Amino acid sequence: MLYYLFSYLSKNYSIPGIGVFQYITFRMAMAVIVSLLVTTVYGRRLIDYLRFKQVGETVRNLGLEGQMQKSGTPTMGGIIIILGILIPTLLFAKLDNIYIIMMLVTTIWLGLIGFLDDYIKVFKKNKEGLAGKFKITGQVGLALIIGWTMYFHTNITIRQEVKLPVKYDVPVDFHMRGDKPVYTQDVKSTKTTMPFYKNNEFDYAKVLKFIGPGYEHYALLVFMVFVIVIITSVSNGANITDGIDGLATGTSAIIGLTLAILAYVSGNTMIADYLNIMYIPNSGELVIFAGAFVGACVGFLWYNSYPAQVFMGDTGSLAIGGIIAVFAIIIRKELLVPVLCGVFLVENLSVIMQVGWFKFTKRKYGEGRRIFLMAPLHHHYQKKGFHESKIVTRFWIICIFLAIITVITLKLR
């Protein structure tokens with residue numbers, strides 16, 4: 001909203017310095033600052049309100065040290081994160097940008113699903129919360145909306161190098177890359193970024209190349225499958241990771257910062273051309289949203305770090321996982337998610353392995369056996385006697401390392 005106000009003032013009045021709102025970097029910095037203010041200043045008030053309303057976490061006794069001391073800690077704190085994302089984005093981003101609209105829809109959509117789950121747990125005293133099938137239905141529904149929009153919306157394109165004569169009926173741009181002439185077009189495409197592949201770009205349609213001529217017509221089907229898997233897995237992965245104080249919040253902030261860098265270079269013509277990576281027109285605006293997301297996570301971490309004064313609940317964990325997944329899909333870096341979100345992936349796999357092995361051994365030997373002392377993985381280390389703060393710190397270091405690897409792989413050929 002402020003972007004449009006200051007754009008109007010800059011256009012019609014000669015006010016010194018007012019044109020600074022045209023710069024993405026300035027608006028991103030403002031989004032980070034406002035997000036931090038919202039989450040830290042007003043977060044305290046919301047925590048007090050939740051405590052007053054006795055919106056406390058019901059903790060199951062899993063035999064972990066210090067676990068029962070957390071019983072009664074205010075939950076549904078994800079509301080703080082969502083407000084810390086929405087308010088700065090609405091203030092500083094271009095609200096007619098299709099990418100911003102998609103991110104706002106994602107935040108609200110999954111935030112509402114998580115809120116409903118927390119509401120059932122807290123106020124209906126049902127520890128199971130919202131049934132898993134309804135969560136998955138909501139996540140798949142969002143994935144279908146995102147996938148369909150990405151495939152059909154006219155403003156969602158990528159800049160692709162072409163050779164004359166061109167086959168797409170869209171304008172051709174010309175520029176020099178060093179001493180080499182380059183022709184480009186902004187076209188609809190199912191290409192995405194894939195490390196260690198030719199030019200680091202992969203077309204989803206090629207998955208079905210084995211069926212012969214006409215395989216391109218099924219690109220939408222393949223793309224939809226990938227979008228559904230990525231959104232549901234990352235969203236649930238963040239939910240599973242949110243098991244000890246500050247773990248999900250801190251890792252999400254690191255991932256969000258990496259996505260902000262990737263969005264900036266992907267949306268900047270000169271940098272994308274220099275790094276020889278996929279340029280996505282109008283995606284630079286996502287940096288403002290990413291700034292708000294990182295600010296919200298860091299601000300919430302002030303209250304969520306050990307010992308936590310508030311838990312985000314499913315209201316926050318489902319939302320931040322979905323935000324990371326959709327953001328990666330939009331900037332066409334979703335195939336980097338297994339590396340970038342390696343902590344979420346490992347947490348998910350630890351649960352799958354534990355449950356699968358337990359069921360297999362129970363059928364074969366008559367009693368279930370376990371791979372880990374407890375799943376997900378962070379509880380395994382708790383069982384081994386590691387303090388929560390040490391576990392979180394080590395996971396953060398791993399997440400930083402994976403973020404660096406993610407950025408580096410873009411330049412590997």
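Asp117 is buried, with a relative accessible area of 0% (buried means under 20%, exposed over 50%, partly exposed in between, with a 1.4 Å probe and protein chains only). This is a predicted model, in which local features need pLDDT of at least 70, side-chain atom pairs count only at pLDDT 80 or more, and totals for chains, interfaces and linings use all residues. Residues are numbered from 1 along each chain as its sequence is written, and side-chain values use heavy atoms, leaving out hydrogens and water.

## Two partners for Asp117

Side chains of opposite charge can pair when their charged atoms come close. Asp117 forms a salt bridge with Lys121, with 3.2 Å between the closest N and O atoms (a salt bridge is a side-chain nitrogen of Lys or Arg within 4 Å of a carboxyl oxygen of Asp or Glu). Both residues sit in helix α4 (residues 98-123), 4 residues apart, or about one turn of the helix. Helices are DSSP runs of H or I with at least four residues, strands are runs of E with at least two, and both are numbered from the N terminus. Lys121 is partly exposed, at 28% relative accessible area.

## From Lys135 to Asp314

Lys135 also meets Asp314 in a salt bridge, at 2.9 Å from N to O. Lys135 counts as buried at 13% relative accessibility, and Asp314 is buried at 7%. Put together, Asp117, Lys121, Lys135 and Asp314 are linked in a network of salt bridges. The whole structure has 7 salt bridges.

## The chain as a whole

Stepping back, the protein chain has 14 helices and 5 strands. Its radius of gyration is 23 Å, close to the 22 Å that the globule rule gives for 413 residues, so the chain is as compact as a globular protein of that length. The radius is taken over C-alpha atoms, and the rule is 2.2 Å times the number of residues to the power 0.38. Along its principal axes, the C-alpha trace spans about 70 × 60 × 35 Å. Of the 413 residues, 49% count as buried.
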